[in-house]
Amino acid sequence: MKRTLIAALATGALAVSQAQATENLTAMTSAPGTAVHLTIAHLAEVAAERGLADIQITLGQTGANATQAVAEGRTDIGICPFILPFLMSKGVGPYAAMGPERGAELAANLRILYPYSFGVYTLYAYDTVGITGWDGLEGRRILNGPPRGGATAEARGLIQVVTGLEDGKGYEGIQSDWSQMATTITEGTSEAALLPEYIPSDRPLQALSAGKMTFWSVPQDIWEGEAMQRLLAAPGSAPVEFTLEQMQSLGENATIVTQPDGVFRTRGSVGGNCVNAAMDEELAYQLTKAHIETLPQIYEKAPFARNIGLEALEAKASGMCGPNPVTYHPGAVRAWEEAGYSLPDCAK
C-alpha cells in the first residue's frame, strides 16, 4: 500500500507539473535509440517537470524535413545536422527546389539551443571476412549509408580521402534503409560497414553479437594531412578522437585498431537541436537551462550519451562557425554562460 501511495503521489505531482506548463510546443525527432531522440525526449520530460512547456513529439522524421519545418515555423524544435542549414542557405541538395534566395532566407531563421554529435564514422567488419583495414577495401562491398541522404555522401568522402577509392570504381557501395542496416551487416550482404555510429549503440552491438569484428581508426599520418583536415572542416563535420577505453565499451568481441598511438580518430557528424529565431528569449533560456542542469540525467539514460559531445562547445569540436550559418539563440547563450561555459564569439 505504501509503494502504491508513493507511486500515486509521484504521478499526481507530474500531472500537476504538466498542467502548470506555460507553453504548448511541438518537436520533430528520429526513432528511439539515437542521440537525436534522446536529447529531445529528455528535453520534453524536464520541460514538463519544471512547468515550462508541454512538448508534443513527432517521431521518425528526417533531419532535412525537421530543419525545414523549424525554419518555416511549422514546428518549434527540431533536429538540425549542421550540413543542412548550409545546404539550405545555398538552395542545393534536399533544398534545391526552393532555390538559393528562399533557402538563405529560411536558413537565417535557425538558432541552436545546444549541440551534440549525430554519430562518428566507424569502419568495421567481421574478422572472418579477412579485411585488413582501410588498405583492404578495394574490390569489397561496403555498406556506406542509406539510399538517400548526407550520411552516404560523407562516408564516400571519407573513404576517398583515406584510400583514394571511389564508390562504383574502387569498391562497391551498398546502401540500405537505416532500419535494415544491422541485418545487411549480419547477413553478409556487405563485407564491411562505414556508418555514423554511437559508441556504443544498438547497431554495432547487434552486429557484434553475431561474431568478432574489428574497428579501424583513421591512420594518424592521413589524419594530419591537408586533405583530411579540409574534410573535417566541411559543414556538419568535426574531428573526433576517442580513447581505447571509450572504444572498448563495444565489448570483448570488438578488436580496436589505432595507428599508431592508441587514439581512435575519425570524422564526426555534428549538429544540434534547433529552434526558430522568433522563439521568445526567456523560453529559449529556460529550455536550455533545463537541458544544462540535467546533463547528469542524460548521461545515465544511454551508454553512448557521454560520447556525443554534449559539453563540447569549442567551435571546431561542435561544428559551429565557419561555413555553418547557424548561431545560438540569445536565450541559449545566456543559459550556457550563466552555467559557466564559454561559447565561441562567432557562434553567438
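**A helix and its surroundings**

Modeller: Helix α4 is followed by Gly-91, a residue with a positive phi, near 65°. Helices (H or I, at least four residues) and strands (E, at least two) are here DSSP runs, numbered from the N terminus. Please keep in mind that this is a predicted model, in which local features need pLDDT of at least 70 and side-chain atom pairs count only at pLDDT 80 or more, while totals for chains, interfaces and linings use all residues. Residues are numbered from 1 along each chain as its sequence is written, and side-chain values use heavy atoms, with hydrogens and water left out.

Within α4, the buried residues are Leu-84, Pro-85, Leu-87, Met-88 and Ser-89, where buried means under 20% relative accessible area, exposed means over 50% and partly exposed lies in between (1.4 Å probe, protein chains only). These buried residues pack against α3 (63-71), β3 (77-81), α5 and β4 (110-126), with contact taken as heavy atoms within 4.5 Å.

The partner to examine in detail is α5. Helix α4 (residues 83-90) and helix α5 (residues 99-107) pack at an angle of about 140°, and their axes are 5 Å apart; axes are lines fitted to C-alpha atoms, for helices over the stretch in contact, and angles run from 0 to 180 degrees between N-to-C directions. The two helices are therefore oblique to each other, given that angles under 35 degrees count as roughly parallel, over 145 as roughly antiparallel, 65 to 115 as roughly perpendicular and the rest as oblique. On the α4 side the contact is made by Pro-85, Met-88, Ser-89 and Lys-90, and on the α5 side by Pro-100, Gly-103, Ala-104, Leu-106 and Ala-107. Sorted by class, this contact has six nonpolar, two polar and one charged residues (Ala, Val, Leu, Ile, Met, Phe, Trp, Tyr, Cys and Pro count as nonpolar, Asp, Glu, Lys and Arg as charged, and the others, Gly among them, as polar).

Met-88 leads onward from this contact. Not counting residues up to four places away in sequence, Met-88 touches Thr-67, Gln-68, Ala-71, Tyr-95, Met-98, Gly-103, Ala-104, Leu-106, Ala-107 and Leu-110. Met-88 is also named, together with Ile-55, Ile-77, Tyr-116, Leu-287, Tyr-328 and Trp-336, among the residues that touch the most other members of the largest nonpolar core, which has 68 residues. Helix α2 (residues 35-49) gives the largest share of this core, eight residues. Apart from this core lies another, of 22 residues, including Ala-125, Ile-131, Ile-159 and Val-218. A nonpolar core is a set of buried Ala, Val, Leu, Ile, Met, Phe, Trp, Tyr and Cys residues joined through side-chain atoms within 4.5 Å; in soluble globular proteins, nonpolar side chains tend to be buried together.

Ile-77 also turns up around a cysteine. Cys-274 lies in strand β11 (residues 263-276) and counts as buried because its relative accessible area is 0%. Leaving aside residues up to four places away in sequence, Cys-274 touches Val-70, Asp-76, Ile-77, Gly-78, Ile-79, Cys-80, Leu-110, Arg-111 and Ile-112. Cys-274 and Cys-80 are 194 residues apart along the chain, yet their C-alpha atoms are separated by 5.9 Å.

Helix α6 (residues 150-163) has 14 residues and reaches 20 Å from its first C-alpha to its last, close to the 20 Å expected at 1.5 Å a residue; the expected span is 1.5 Å times one less than the number of residues.

Some backbone details remain. Most residues other than glycine have a negative phi, and most peptide bonds are trans. Cys-321, in the loop between α14 (315-318) and β12 (327-328), has a positive phi near 70°, and it is buried, with a relative accessible area of 10%. The peptide bond from Ile-199 to Pro-200 is cis, with omega near -10°, and Pro-200 lies in the loop between β7 and α8 (202-208). The bond from Gln-259 to Pro-260 is cis as well, with omega near -5°, and Pro-260 sits in the loop between β10 (254-257) and β11.
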